[in-house]
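Please open the model in a viewer with a selection panel and a distance tool to hand. The stops below are meant to be taken in order.

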Amino acid sequence: MFKLPNSVGPFFDVAEFDLATFVRYCAEETERSEYSHAAGVEKKVVIYDGRYLAAKGHDDYEILGELHTCLADGPGVLVIRDAYADTSLIDEVTAVFFEIIEAEKAEQRVAADHFGQNERIWNALQKVCVRAPALFVPYYGNPAIALIARAWLGPGYQMTAQVNNVKPGSEAQAPHRDYHLGFQRAATIAQYPARVQRMSQLLTLQGAIAHTDMPLLAGPTQFMPHSHKYPGGYLAFKEADFVAYFKQHAIQLPLSKGDMVFFSPALYHGAGNNRSDADRLANLLQISSAFGRPMESVNRFAMLEAVYPHLLSHASQMTSLERVNAIAAVADSYAFPTNLDTDPPLGGNAPESAADFVGRALDERWPWVTLREHFLDYDGRRQA
C-alpha cells in the first residue's frame, strides 16, 4: 500500500484506504424508482432512450437534475441507447476517422497510446471539424451530448475528443480513474487535499460514442458502478487488492452503433479484452468545466525571460524549496492542455510540464539563449 507521509487533517490518511470500505460503496444498488425518465436499469447502470432525451430542452431542470444525480449520487454511469437514431451519420464520420488515421500513418506520425497498440486520433474534435465541417455540425450538435454536458457541468463547457480503434486481440486495461488526478503519479496525488480530490471529478465529464457494434466479445468498457463515491480512490486504484476486486466484479454492457455512455471520471473503469474478429471503434469525449481557468492572461514567456538569468546566477544560494516556489510562480506546473500528437506523455500519462522543463534547464545549467531556443520548440509542440 502506498504510504502517505505525515498524513493529517484535510489530507488523506492511509488508514482510510481499505478494500472493505470500497466494497461497501460498490455493493450499493441502483434503485430504478429514482430515475423516472430512464428506460430501465441494467447491471446497476441507468439506461436512457436517446429519442426521449432529444425531446427534452436544456431548461428542463427535472431531467437535468436526474442526470446529474445519476452521475454524482447514483451509479456514476449511464448509457443512452440510439443517441443517433440515424446511424448513417455515424458511418460517415467513421469514414472521416479512417481518412485521418491513414493520412497520419502516411506522415509516419505515431500517436502515443497509453491504451495499447491501437489506432488513435488525438484531438479528433479539431481534425474532424477542419476536414468535414458539414458532418461535424450535426454530429456534435446531437442534443443528448449537450443535455448531459449541461447536467454535469452547467453552461460554458468545453469539448475535446480522442478516437480509439481497438484491434482484435487487444488486452484489457487496468482499472483506473481518469483526468485530472487519474493521470498523475501517486506521490503527486497525495499532495492534493482530500476535498480537492473529491471536487476534481466535478470538473470533467467522460463519455464515448460507439462507432461500431460492441458485443461483450469485443470488450466494451468495464465499469464498477458506485465506485466513484470512494473518497480515496485516486490513490487506491493501482493497489493489487483493488485491481483484483475490479477484475472479479466489474460489469460490461454491450453497445450498438450510435449508443453513448457517460460516466464520472472518478468511476473505476477500463477497456475490456477484444476477443472478437472486428475493430472496436469509439469516439472518446472529454468535456471540461468552464471554471478550470485563471482570471487573467499572463505572458509567462516574458516573465521567464526576465527571471531565468537571476535563477541561474543565484542557484547555489537558493534552497531547493525556494527554487521550486519561484519556478511555480513563473511557469505552468500542470502539463495540460497540450497537443498529444507532438507532445506525448513521458513515462506515464502526462507530458513534461513547463515548470519541469525549466527545472531541468537549471539542473543542466543551460544559458538563457539555450533555454529560449528549446522553450520555443517546447511551446510550439504543445500548440494544436
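The tour below goes from one selection to the next and states what is found at each.

**Conventions**

This is a predicted model, in which local features need pLDDT of at least 70 and side-chain atom pairs count only at pLDDT 80 or more, whereas totals for chains, interfaces and linings use all residues. Residues are numbered from 1 along each chain as its sequence is written, and side-chain values use heavy atoms, with hydrogens and water left out.

Helices (H or I, at least four residues) and strands (E, at least two) are DSSP runs, numbered from the N terminus. Buried denotes under 20% relative accessible area, exposed over 50%, and partly exposed the range in between, with a 1.4 Å probe and protein chains only. Contact denotes heavy atoms within 4.5 Å.

**Stop 1: helix α6**

Select residues 133-140, which form helix α6. Which residues are buried here? They are Leu135, Phe136, Tyr139 and Tyr140. Viewed down the axis of α6, the buried residues fall within an arc of 105 degrees, so they line one face of the helix; the arc is taken from the directions from the helix axis to the C-beta atoms. An α-helix has 3.6 residues a turn, so residues three or four places apart point the same way. Ala134 and Val137, both exposed, sit on the face turned away from the buried side of α6.

**Stop 2: methionine 260**

Select methionine 260 in strand β8 (residues 260-263). Methionine 260 is buried, with a relative accessible area of 0%. Beyond its neighbours within four places in sequence, methionine 260 has contacts that include Leu78, Val79, Ile80, Ala83 and Tyr84. Asn142, Ala144, Ile145, Ala208 and Ile209 are also in contact with methionine 260.

**Stop 3**

Select α12 (residues 300-313) together with α14 (residues 354-363). Their axes lie 10 Å apart, and the helices pack at an angle of about 35 degrees. Here axes are lines fitted to C-alpha atoms, for helices over the stretch in contact, and angles run from 0 to 180 degrees between N-to-C directions. The crossing of α12 past α14 is right-handed, a term for the near helix being turned clockwise from the far one by less than a right angle, with anticlockwise giving left-handed.

Which residues of α12 meet α14? Leu304, Tyr308, Leu311 and Leu312 do, facing Val358, Ala361 and Leu362 of α14. By class, this contact has seven nonpolar, no polar and no charged residues. Ala, Val, Leu, Ile, Met, Phe, Trp, Tyr, Cys and Pro count as nonpolar, Asp, Glu, Lys and Arg as charged, and the others, Gly among them, as polar.

**Stop 4: alanine 354 and tyrosine 378**

Remain in helix α14 and pick alanine 354. Alanine 354 is buried, at 11% relative accessible area. Setting aside neighbours within four places in sequence, alanine 354 is in contact with Ala331, Asp332, Phe375 and Tyr378. Its C-alpha atom is 7.1 Å from that of alanine 335, 19 residues apart along the chain.

Move on to tyrosine 378 in helix α15 (residues 368-381). Tyrosine 378 is buried, with a relative accessible area of 2%. Residues up to four places away in sequence not counted, tyrosine 378 touches Glu352, Ser353, Ala354 and Phe357.

**Stop 5: backbone geometry**

Most residues other than glycine have a negative phi, and most peptide bonds are trans. Select the bond from tyrosine 179 to histidine 180, which is cis with omega near 15 degrees; histidine 180 belongs to the loop between β5 and α8 (186-189). The bond from phenylalanine 336 to proline 337 is also cis, with omega near -5 degrees, and proline 337 lies in the loop between α13 (320-330) and α14.

Lysine 44, in the loop between β1 (40-42) and β2 (45-49), has a positive phi near 75 degrees. Asparagine 123 has a positive phi near 50 degrees and lies in the loop between β4 (119-121) and α5.
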